[in-house]
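Please look over this protein model.

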Amino acid sequence: MAINEVLAALADDTHRKILLNLQEGKISSGDLAIALDMTPQALSYHLSKLKRQT
């Protein structure tokens, strides 16, 4: 992964929150959405953006 992609992923506050939650271990998408106070659709959007950057 290029440094620009890593920095782009970390530049977004929501992406950082997602990554910090995932760092603690496996979590279902539903539980992650609840932990981040997001709708499942919003979480899916951000997860797909993170996936494209990896």
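Ile18 sits in helix H2, which covers residues 13-23. Helices here are DSSP runs (H or I, at least four residues), numbered from the N terminus. Ile18 counts as buried because its relative accessibility is 0%. Buried means under 20% relative accessible area, exposed means over 50%, and partly exposed lies in between (1.4 Å probe, protein chains only). Ile18 touches Leu32, Leu36, Leu43, His46, Leu47 and Leu50, leaving out residues up to four places away in sequence. Contact means heavy atoms within 4.5 Å. Ile18 and Ala33 are 15 residues apart in sequence, and their C-alpha atoms are 9.1 Å apart in space.

This is a predicted model, in which local features need pLDDT of at least 70 and side-chain atom pairs count only at pLDDT 80 or more, while totals for chains, interfaces and linings use all residues. Residues are numbered from 1 along each chain as its sequence is written, and side-chain values use heavy atoms, with hydrogens and water left out.

How confident is the predictor? The pLDDT gives its confidence in each residue, from 0 to 100. The protein averages 90, and 96% of the residues score at least 70. Among the elements, helix H1 (residues 3-11) has the lowest mean pLDDT, 83. Helix H3 (residues 29-35) has the highest, 96. Where pLDDT is low, the predicted coordinates should not be read in detail.

Is His15 buried or exposed? It counts as buried, because its relative accessibility is 2%. Beyond neighbours within four places in sequence, His15 is in contact with Ala9, His46, Lys49, Leu50 and Gln53.

A salt bridge is a side-chain nitrogen of Lys or Arg within 4 Å of a carboxyl oxygen of Asp or Glu.

| Asp13 and Arg16 | 3.1 Å | three residues |

Asp13, Arg16 and Lys17 are linked in a network of salt bridges. Asp13 is partly exposed, at 39% relative accessibility. Arg16 is partly exposed too, at 33%. Lys17 is partly exposed, with a relative accessible area of 43%.

**Helix H2: ends and surface**

Asp12 caps the N-terminal end of H2. One of its side-chain oxygens lies 2.8 Å from the backbone nitrogen of Thr14. Just after H2, Gly25 takes a positive phi of about 135°.

Leu19 lies in H2 and is partly exposed, at 36% relative accessibility. Leu10, Leu19, Leu22 and Ile27 form a nonpolar patch on the surface, with about 280 Å² of accessible area together. Such a patch joins nonpolar side chains (Val, Leu, Ile, Met, Phe, Trp, Tyr) within 5 Å, from residues with over 30% relative accessible area and no salt bridge.

Asp37 lies in the loop between H3 and helix H4 (40-52). Its phi is near 55°, a positive value in a residue other than glycine. Most residues other than glycine have a negative phi. Asp37 counts as exposed because its relative accessibility is 72%.

Note on methods. pLDDT = per-residue confidence, 0-100. Helix = DSSP H or I, 4+ residues; strand = E, 2+ residues; numbered from the N terminus. Patch = residues over 30% accessible without salt bridge, like charges linked within 9 Å, V, L, I, M, F, W, Y side chains within 5 Å. Areas by Shrake-Rupley, 256 points an atom, 1.4 Å probe, with all protein chains shown as cover. Polar contact = N/O pair within 3.5 Å; in protein donor to acceptor, adjacent residues only side chain to side chain.
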